[in-house]
Amino acid sequence: MASLVSLRQHLPDIMETVFERNREADEKRIQEYQAVLTIQAWFRSVRVQAFIRHLHKSATIIQKHWRGHLGRAVYRVMITNLVYIMRHNYYNAMATKIQKMWRGFYVRKYVFDYYSRKRYLEGLIVKNEVVRREIEELREQKESESRRRKEIEAERKLQEYAAKHRYLLSTQVVPGIYNSPFKPHPDEMEFVLRKVKPHPPNMPKPKRDSRSGIIIPESPPLPQTEPLPPIGQKPQMFAIIQGPFRDPSEVQKQRYKPLQPTLRVATSYTSTEEARAAMKAKEWIMRVNDNIFVPFSRRDRDYEPLLHTTSKYGHLPYGSRYFRETNEGGNISTTERFQPVVSPIPVFDKLNDTYSKGTETVP
Amino acid sequence: MSTRQVLQVFEQYQKARTTFVQTVAELASRSQNIEILQNAGAMSLLRPLLLDIVPSVQQTAALALGRLANYNEDLAEAVVKADILPQLVYSLAEQNRFYKKAASFVLRAVAKHSPGLAQSVVDCGALDALVICLEEFDPGVKEAAAWALGYIARHNAELAQSVVDAGAVPLLVLCIQEPELSLKRISASALSDICKHSPELAQTVVDAGAIAHLAQMVLNPDAKLKRQVFSALSQISKHSVDLAEMVVEAEIFPAVLTCLKDQDEYVRKNVATLIREIAKHTPELSQLIVNAGGVASVVDYVGESKGNVRLPGVMMLGYVAAHSENLAMAVIVSKQGVTQLAITLAEEPEDHIQAAAAWALGQIGRHTPEHAKAVAVANVLPRLLKCYIRADASEDLQTKSKRALKNILQKCVHLPALEPLLHDAPPNILKHVVGQFSKVLPHDPAARRLFVTSGGLKKVQEIKSEPGSALHEYINTINNCFPEEIVKYYSPGYSDQLLERVEQYQAIA
């Protein structure tokens with residue numbers, strides 16, 4: 001109880017204190033609250049920061065590994081590329097070497113082949129020689145030709161001169177100018193003059209065409225005509241016969257020509273029989289064996305009359321009527337139409353022998 | 001009685017006219033009479049006679065006019081100014097063939113002198129009339145017309161083109177095929193005149209089928225015809241590769257070479273020109289000519305001819321050698337190819353031929369050391385040098401010989417041939433000579449020895465060169481090949497140095 005008493009005793013104090021304290025508490029509440037808040041915030045932030053730091057650390061680790069992974073991949077690609085490029089360069093260098101060697105070889109072998117070039121040049125020298133020789137030959141040939149032509153021309157001129165001046169030839173009495181008596185032997189020209197023929201007398205100038213200058217050949221000679229009979233002559237005993245007549249000699253020949261009988265007249269009438277007999281006689285002379293040769297297959301056979309030729313109604317006019325259809329009514333005349341004329345055609349025998357008409361000279 | 005008297009007057013007048021024109025025509029054929037005739041007014045008197053009623057007077061008047069116009073350009077101009085040409089052209093179509101011949105002669109004589117006169121002939125419409133004359137039956141008329149056409153076409157490309165436009169080419173090609181030699185000659189010359197101006201004109205002539213007919217006449221025995229034929233072929237082939245190939249395809253090749261030995265000088269010259277014109281185009285064409293043995297015959301030709309006739313042969317060798325080193329070698333191995341060129345260079349008095357020879361030699365020697373040696377051995381270098389430093393040499397010759405020297409020297413390693421040049425070459429040539437020595441000497445001990453004994457080294461020491469120039473470097477390179485004492489020994493002034501040393505020497509008492 002005492003305590004209660006004491007308490008009671010102290011109650012105002014206590015109350016005051018309580019009040020004091022409450023006031024104090026109220027006064028400081030906000031501050032404390034703020035402080036608490038700050039502390040809490042701090043604490044919480046520390047926690048969160050620690051967590052975040054943890055997270056960052058973890059993320060860094062993850063990133064580190066991931067980046068390492070990616071980097072290694074990139075690295076691998078780079079390495080491959082690098083190796084590829086290195087190899088490529090190396091191959092190129094080697095290819096260049098091969099190409100170099102090959103090109104060198106190829107050019108030496110085919111393009112700038114020393115030996116083929118040498119051969120070519122040697123061949124060229126030979127070819128040049130050949131061409132030179134050929135051309136030289138051709139030139140010589142031409143030169144000799146022209147020389148010959150000139151010689152011929154000179155010779156012709158000399159001959160012409162000589163022919164023109166043939167009167168300078170010496171005679172027995174008077175020596176010519178080329179045959180001076182004061183010289184031991186005559187000039188060469190003298191002999192030329194001796195050989196040459198004198199010019200023929202000048203012919204009339206050939207007629208030339210006035211435009212082209214071509215010589216017109218002379219027209220062929222006109223036919224020679226007989227001189228006309230003198231005019232005013234007395235008429236002959238006979239009247240002058242006019243007209244174209246045959247040459248008298250021809251007429252004479254015609255008149256006195258020997259008899260030329262036709263073949264028919266000249267032949268004997270029995271000439272066939274005579275000829276046959278003559279042939280038989282000749283054959284008989286030449287024959288060795290008189291027995292006649294008979295073919296062994298031949299037999300004598302009885303005549304067998306045909307069926308339709310032995311009919312009792314008489315035989316058919318076979319072979320005489322039925323081969324050709326005849327229409328007698330179509331003919332103009334009923335008499336025989338063909339007259340056998342055995343008239344000779346003497347013209348054929350007398351061809352080229354006479355000018356007369358055939359019928360007039362029938363013998 | 002009175003009729004007869006009247007007629008007699010006319011007869012006398014006609015006779016007088018005839019004698020007048022005949023005498024004038026005869027007088028006009030001598031050059032010394034022409035001026036007198038001109039002063040006497042022959043031109044104005046002849047003009048009315050062109051319209052005379054008597055054909056023979058007309059013809060002779062035309063002939064006399066032609067002779068006058070033929071004489072010189074002034075007279076030809078006088079003919080043009082007197083308005084005679086339209087009359088002639090007008091009557092060219094109508095008159096008989098004698099008149100046509102004479103009128104063509106006048107046209108030819110006028111057109112011959114200058115392009116202007118030829119143009120005035122064309123302006124009169126003469127071309128059509130002349131082309132119609134080409135279709136005439138008479139070869140003499142054709143000849144005269146072809147001649148006139150050729151003279152018109154000769155001057156320039158325009159006139160030639162107008163001749164072509166008038167349709168003359170096919171008819172000229174027909175004229176070539178005629179049997180008359182003179183007609184062939186003149187129409188070939190006309191074709192040559194037409195196609196010399198431009199590739200197009202040449203192509204026109206080729207299209208008319210001229211080549212085949214021309215190629216047929218290559219071996220014709222007539223020299224004058226051959227001249228014209230070869231001239232025409234070369235004028236055709238000079239323009240382009242195609243045309244040259246067409247000429248070659250006409251199979252002229254081995255046959256043409258025989259004409260290089262023809263008796264006629266101009267035939268030879270024209271053949272050489274033809275070969276040159278073909279060879280200049282491509283290496284293949286040159287090769288073809290070389291393979292046909294053309295180089296040997298051209299070399300012979302160069303050796304046998306003199307003066308201007310030589311020129312095409314020399315140029316042909318140059319062209320062939322310029323194409324490739326193989327062809328240049330072919331020229332060298334064709335016996336005396338280089339020698340003949342060297343002889344040409346030495347003995348021809350005219351500069352342009354020397355220049356051509358120098359150029360050809362340069363083309364031969366510029367390929368390889370082998371080529372250069374072949375050229376150098378023929379003792380060409382001193383001659384080229386002489387041509388270069390000669391005072392009266394033309395500019396062309398100087399440039400050509402300088403370039404040739406340079407080309408040859410840059411390839412030449414044949415030192416004995418280079419030695420003489422050390423002594424008398426001007427600095428710009430000396431540079432190349434010393435350069436060649438500096439290339440060879442470091443690798444050739446025997447040559448070094450020879451170089452010293454022949455006095456080359458001494459000469460080199462005497463050359464004054466600016467430090468830093470190419471020549472200086474070359475000299476240094478040469479000096480480096482020799483021991484120092486020898487170089488010093490040959491240096492100018494070394495003897496003075498020695499003497500100085502003698503003076504300074506303290507004699508041992």
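Which residues of chain A does the UniProt annotation "coiled-coil region" cover?

Analyst: A caution comes before the answer: this is a predicted model. The UniProt annotation "coiled-coil region" covers residues 121-155 of chain A. That label comes from an unreviewed entry. What does the model show for the span 121-155 of chain A, helix or strand? The span is 100% helix and 0% strand.

Chain B has features of its own. Take charge first. On the surface, a patch of negative charge gathers Asp242(B), Glu245(B), Glu249(B), Glu251(B) and Glu284(B). Which helix of chain B gives the most to the negative patch? Helix H17 does, with three residues. H17 runs over residues 241-249 of chain B. Asp242(B) sits in that helix, H17. Its relative accessibility is 52%, so Asp242(B) counts as exposed; the cut-off for exposed is over 50%.

Glu251(B) belongs to the negative patch too. Its setting is a loop of chain B, between H17 and helix H18 (253-258). Is Glu251(B) buried or exposed? Glu251(B) counts as exposed because its relative accessibility is 69%. The backbone of Glu251(B) also deserves a look. Phi there is near 60 degrees, a positive value in a residue that is not glycine. Most residues other than glycine have a negative phi.

Asn379(B) also has a positive phi, near 60 degrees, and is likewise not glycine.

A surface patch of positive charge brings together Lys402(B), Arg403(B), Lys406(B) and Lys431(B). Helix H28 of chain B, residues 395-411, gives the most to this positive patch, with three residues. Arg403(B) is found in H28. Why does Arg403(B) count as exposed? Its relative accessibility is 58%.

On chain B, H17 gives the most to the negative patch, and H28 gives the most to the positive patch. Positive phi values occur at Glu251(B) and at Asn379(B).

Methods. Residues numbered from 1 in each chain as written. Chains lettered and ligands numbered in written order. Predicted model: local features only at pLDDT ≥ 70, side-chain atom pairs only at ≥ 80, totals over all residues. Heavy atoms only, no water. Patch = residues over 30% accessible without salt bridge, like charges linked within 9 Å, V, L, I, M, F, W, Y side chains within 5 Å. Areas by Shrake-Rupley, 256 points an atom, 1.4 Å probe, with all protein chains shown as cover. Salt bridge = Lys/Arg side-chain N within 4 Å of Asp/Glu carboxyl O. Lys, Arg positive; Asp, Glu negative; His and termini not counted. Charge placed at Lys NZ, Arg CZ, Asp CG, Glu CD. Helix = DSSP H or I, 4+ residues; strand = E, 2+ residues; numbered from the N terminus. Buried < 20%, exposed > 50% of the residue type's maximum accessible area, 1.4 Å probe, protein only. UniProt positions renumbered as here; feature names shortened; annotations may be inferred.
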